[in-house]
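The tour goes from the whole chain to single residues.

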Amino acid sequence: MKSLVIAEKPSVGRDIARVLGCSKGGNGFLEGRDYVVTWALGHLVELADPESYTDQWKTWKMETLPMLPEKLEIQVIPKTGKQYQTVKTQMYRKDIGTIIIATDAGREGELVARWIIKKAGVHKPMKRLWISSVTDQAIRQGFAHLKDAKEYQKLYEAAVARAEADWLVGLNATRALTVRHNAQLSCGRVQTPTLAMIAKRETQIKSFQPKSYYGLKAIGSGATFTWKNKDNSDFVFSSAALQTIRGIQAKITNSTATIEEIKKKQQKSYAPQLYDLTSLQQDANRMFGFSAKQTLDYMQHLYEHYKVVTYPRTDSRYLTKDLVATLPERIRACRFGSYSSICGQLLKAPVKGNASFVNDKKVSDHHAIIPTEQGVSPRDLEYGERKIYELVVSRFLAVFMPPCEYEQTEVTAVCEGERFTIKGKIIRKAGWQEIQKIQKEAGILPEEDPDSDSSYADEAGLAQGKTRENEIQGSLPDFTKGQKLLFTETKITEGKTKPPLPFTEATLLAAMENPIKYMESSDQSLKKTLGETGGLGTVATRADIIEKLFSSFMIEKKDKYIHLTSKGRQVLELAPQGLTSPELTARWEQQLADIAKGTSEKKDFEAEIRAYTVDLVKDIAASSKTYRHDNLTGKKCPECGKLLLEVSHKNGRMLVCQDRECGYRKTLSKNTNARCPQCHKKMELVGDGENQKFICVCGYREKLSAFEKRKKESGGGVSKKDVSKYMNKMKQEAKEPLNNAFASAFAKIKI
C-alpha cells in the first residue's frame, strides 16, 4: 500500500515529491513507488456561506439576525474546486492506505488539510509531517519521524474555533451594520481595531500642543560645540530657561574654553536581522513606496515562479540548524549582479551559522526569508521583483559579514563653568556596511526613516535625538586635554516639538504587529499574549486587511500617508465597542492556546462566542446612531438612477453607485508617478480617451499626448510601452470589486 502526502502548496509538494522519488507526473499530483504526493492551493475548503443554510439568509434583514447555525458546515471553494477533486480522488484510491498531512506546521496549516479530509469524508489512518523548513535534509528527517495525527487533534480544534468565531462575529456584525444603516459597512476582529489605531494616531496629531525648545552652540578652533545642561541634555523647554541661556551666551562669547575630557570608545555595529515578511514589507514601503500587498505579490512570484527565495509568509527572522549546510550554495546563487565581489569574499572561508541568525527555538512554522540555491540575474526580473530580490539578498549576505567597527570620540570643553561637547565617529572597518555601499551605488540604500515612532519625542527624548544629529561623521580636530580655545561665535538654537506623523503602510504594519500601546486594558497577561501571538492579524493576512480597508473606502492615501475617510470614522462610531480594540484578539488567542493545549474545551469557547454574537446584533439593532453619506454627488447613476458617491482610494478617485446591487463605477482620476514640471509634485491623470490630461495641485495642466511628446523629445521618462502597461493596469483595476473580501457577500444583499 502507498501513502498519500498532502502538502499546502504546489512548490512544497514538488520538493517533497523529489525527495521521496515521486517523479511520475499526474494532473495535480506526483507518484512514486511508495508515495503519492498531492497539494492544496492554500485553503481548498472554507466555512459555508450563510445563503447555503436557509432561504431566510439569502436576503439581508435584521429580523433574520443573528445567524447561528446549530453546526457550521464547510464547502469547497469554487475557484479551486478542480484541485480539491484531484486530492479527493487520490484519497479514495484503493492502493492508498495512509494519509500523511504535510501542510504548514501550525494552526492554520492543520486546518487546511483536515477540512479537505473532512469534506471528502475519508476515514483512513493519518500521520503528521511536522517540519519548519523544506530542505531535503529536513524532509528526510521529518519522514523518518512521522507523528500520529491524533497528537494534533487539539490544535485542529483550536483552528476550527478561530475560523468559526470569525464567521459568527464578522458576518453577523457586518450584516447588522449594513442593514441597520442601509449602507455598505463592514467590521471585524482585525480590520476594525486597525481602523481604531489610525483614528487614535489622528487624534494624537490633532491634540498635539507643540512646545518651544532652546539650545546653545559655540564655535571654537573650527569646531561647533553643543551646550549641556545639568540633566546632560541639549535643550531646555521654558521661557525662564531661555533667559538663562541668553545669560550663558553673553558670558561665554569671546571667552576661553578648556578641553577638560577626551573620551574615545571602540564600538561595533552588527548587521540587522534577516527579513520576515512584515519587516520586508516595511522596508519596501519606506524605500520604494510599495504597498504591503505589492511586496507580498512580488515575493510570491519570486518564490513560486522563479524559485529564488524561500517561503514568504513567515514571522521568523531566524534559520534552523539544518539549513547551515546549504548556506554556501545559497551564497553562490547570489553572485549575479551587484554582489559578486561580496559573495566571492564570503566563500573564501568556511561559511558558518551563528546564534545571531540561527536558532531553532525562534523558528515556528517557517524560517526567515533568504535566497534559495537557485540564482537569477536581476536583469531578468521586473522592476518590483528586482528591488525585492535585492533587499532579500543584501540582508542575507550582511549577516555573514563582520561587524562594522568604528571609533567614537566625545570631547568636553568647559567655559565659564558651563559644559560643551562635540562628538565624532570614524569608521575603522566597514564590515557588513560594505553592503550599504553597494546598495547606495545600486540606488536602493534606505534613508533614515522619518516615519518611525522615534521621529517625534517627548521632552526627555528630544535632546537625545538632536545629539545624534550633532555627531560628526569623520575625525574631529586634534584636541588635547587642557588645550585652550576661544569661543569666537555663539548661537542660540530654537525649535518646536513635532506631533507624530500619520501612518504609512510601513508604520501601520509595525503597529498591527505590536498594537499593545493601543490597548485600553491594563491587563498585563492580555498584552503579553498579544505580543507572543504576533499582534493583529498574521504576516499572511495584514496586507489583505489594509487592502480591504482601502477598497471599502474606509481609509485613503494622501501622498504616502494613510488617513481615515468619513466612512471609516463613522464605522468606528457605529461598530460595537468590543470590536474596536485589540483586546478581543488577545482574549481569543489566550482561549485558543488553552484549547490547543487541552486545558479548555472548544465547546465552551463556542458557547461564549455565540452569546457575544447575540449581544453584538442587539447592540447594533438598538443603536440610535445614524450613518450619513457625506460624499453624495448631484450626479445620477446612468443604470439605476440613484445618486452617485465620489470616493477616494489609494489609486485615485471614482464615482460609484450607492446601490451595491447596481455596481456601477466610473474612474475620475488616477494617481501617477508623473511629476509636474513646475512644482515637481506627482500629478493626477483625469478624463477619458483622447481627452486624458494630467493635472497638478499647483494648477498646472497638460494633455497626456503633450506629456508623451515632451518626454519623448527630452529623451527620457515614459515610453509607449510604459504608457500601454499603465493604461492596461488602470483597466484591470477598474474591473476589480469595490471590497474584495466582502464582494461576494454584498453582491447578494437584498434590502
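Two notes on reading the values. This is a predicted model, in which local features need pLDDT of at least 70, side-chain atom pairs count only at pLDDT 80 or more, and totals for chains, interfaces and linings use all residues. Residues are numbered from 1 along each chain as its sequence is written, and side-chain values use heavy atoms, with hydrogens and water left out.

**Whole chain**

Colour by pLDDT, the predictor's confidence in each residue, from 0 to 100. The chain mean is 87, and 90% of the residues reach 70 or more. Now select residues 448–469: pLDDT is below 50 here, and the stretch has 33 contacts in the model beyond near neighbours in sequence. Select residues 733–751 as well: pLDDT is again below 50, with 48 contacts beyond near neighbours in sequence. Contact means heavy atoms within 4.5 Å. Where pLDDT is low, the predicted coordinates should not be read in detail.

Switch to cartoon. The chain has 23 helices and 26 strands. These are DSSP runs numbered from the N terminus: helices are H or I with at least four residues, strands are E with at least two. Of the 751 residues, 50% are buried. Buried means under 20% relative accessible area, exposed over 50%, and partly exposed in between (1.4 Å probe, protein chains only). Among contacts with a separation of 6 or more, 73% join residues 24 or more positions apart.

Select residues 277–288, helix α8. Its twelve residues reach 16 Å from first C-alpha to last, close to the 16 Å expected. The expected span is 1.5 Å times one less than the number of residues. Eleven of the twelve are buried, so α8 is largely enclosed by the rest of the structure. Among the buried ones are L277, Q281, D283, M287 and F288. Show α9 (292–306), α12 (383–398), α15 (505–513) and α17 (542–551): the cover over the buried residues of α8 includes these helices. Step on to G289, which follows α8 and has a positive phi near 75°.

Next, α12. Its 16 residues should span 22 Å, and its end C-alpha atoms are 22 Å apart, which agrees. Here 14 of the 16 residues are buried, so α12 too is largely enclosed by the rest of the structure.

**Rings**

Show Phe, Tyr and Trp side chains. Rings (for Trp, the six-membered one) pair if their centres lie within 6.5 Å; planes under 30 degrees apart count as stacked, over 60 as edge-to-face and the rest as tilted. The count comes to 18 aromatic pairs. Select Y303 and Y311: the centres are 5.6 Å apart and the planes are at 80°, so the pair is edge-to-face. Both tyrosines are buried. F396 and F400 are also edge-to-face, 5.0 Å centre to centre with 80° between the planes. F396 is buried at 0% relative accessibility, and F400 is buried at 17%. Then pick F225, F420, F479 and F487, which ring pairs link into a cluster.

Now look for charges over rings: NZ of Lys or CZ of Arg within 6 Å of the ring centre and within 35 degrees of the ring normal. R14 lies over the face of W39, 5.3 Å from the ring centre. R128 has its charged end over the ring of Y152, 5.9 Å from the centre.

Centre on M1, in the segment before β1 (2–7). M1 is exposed, at 73% relative accessible area. M1 and G97 are 96 residues apart along the chain, yet their C-alpha atoms are separated by 5.5 Å.

Jump to E489 in strand β17 (residues 489–496). E489 is partly exposed, at 45%. N254 is 235 residues away in sequence and 7.1 Å away, C-alpha to C-alpha.

**Backbone stops**

Most residues other than glycine have a negative phi, and most peptide bonds are trans. Select L65 and P66: a cis peptide bond joins them, with omega about 0°. End at N182, where phi is positive, about 50°. N182 is in the loop between α5 (153–181) and α6 (191–207).
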